[in-house]
Amino acid sequence: MLPSVSILQQIGLGVLLVVVLWAVGLIRLTRPGHHPTAPGRRPARRPRARLDAVPRQTGPGGPPAENVELTPDERQAFDDLVRQLTSHS
């Protein structure tokens with residue numbers, strides 16, 4: 001510790017240093033086209049639309065779609081539940 005610098009000044013300098021380093025890191029991360037990549041990995045190509053980033057859930061790349069037959073009573077109960085959840089009263 002430096003004897004001519006008070007403890008509050010040292011704490012303030014530490015906080016200021018953390019804030020400056022955080023701001024520099026945030027600026028570097030938000031610059032377009034300058035994202036760091038892991039060694040040996042290609043940068044990911046940009047998706048054309050947001051939905052392209054969501055992996056397929058069915059089809060050749062995912063599990064098969066499931067289908068469950070409901071009885072008329074179950075279907076009525078489901079319809080009532082949907083009506084109850086979507087009502088805005």
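This is a predicted model: local features need pLDDT of at least 70, side-chain atom pairs count only at pLDDT 80 or more; totals for chains, interfaces and linings use all residues.
**Close-up 1. A nonpolar surface patch formed by five residues, Ile7, Leu8, Ile11, Val15 and Val19.**

**Close-up 2. The salt bridge between Arg75 and Asp79.** The side chains of Arg75 and Asp79 meet at a distance of 3.7 Å, taken from N to O, and this pair belongs to helix H2 (residues 72-86). Because the two residues are four positions apart in helix H2, about one helical turn separates Arg75 from Asp79. Arg75 is partly exposed, with a relative accessible area of 42%, and Asp79 is likewise partly exposed, with a value of 24%.

**Close-up 3. The salt bridge between Arg83 and Asp80.** Here the side chains of Arg83 and Asp80 come together at 2.8 Å, again from N to O; since the residues are three apart in helix H2, they too are separated by about one helical turn. Arg83 has a relative accessible area of 49% and is partly exposed, while Asp80, at 36%, is also partly exposed. The structure holds two salt bridges.

**Close-up 4. The protein chain as the setting for these views.** The chain contains two helices and zero strands, and buried residues account for 0% of its 89 residues. Its accessible surface comes to about 9,200 Å², with 63% of that area belonging to carbon and sulfur atoms.

Definitions and conventions
Residues are numbered from 1 along each chain as its sequence is written. Side-chain values use heavy atoms; hydrogens and water are left out. Buried means under 20% relative accessible area, exposed over 50%, partly exposed in between (1.4 Å probe, protein chains only). Accessible areas come from the Shrake-Rupley method with a 1.4 Å probe; for residues, only the protein chains shown count as cover. Patches are made of residues with over 30% relative accessible area and no salt bridge: like charges are joined within 9 Å, nonpolar side chains (Val, Leu, Ile, Met, Phe, Trp, Tyr) within 5 Å. A salt bridge is a side-chain nitrogen of Lys or Arg within 4 Å of a carboxyl oxygen of Asp or Glu.
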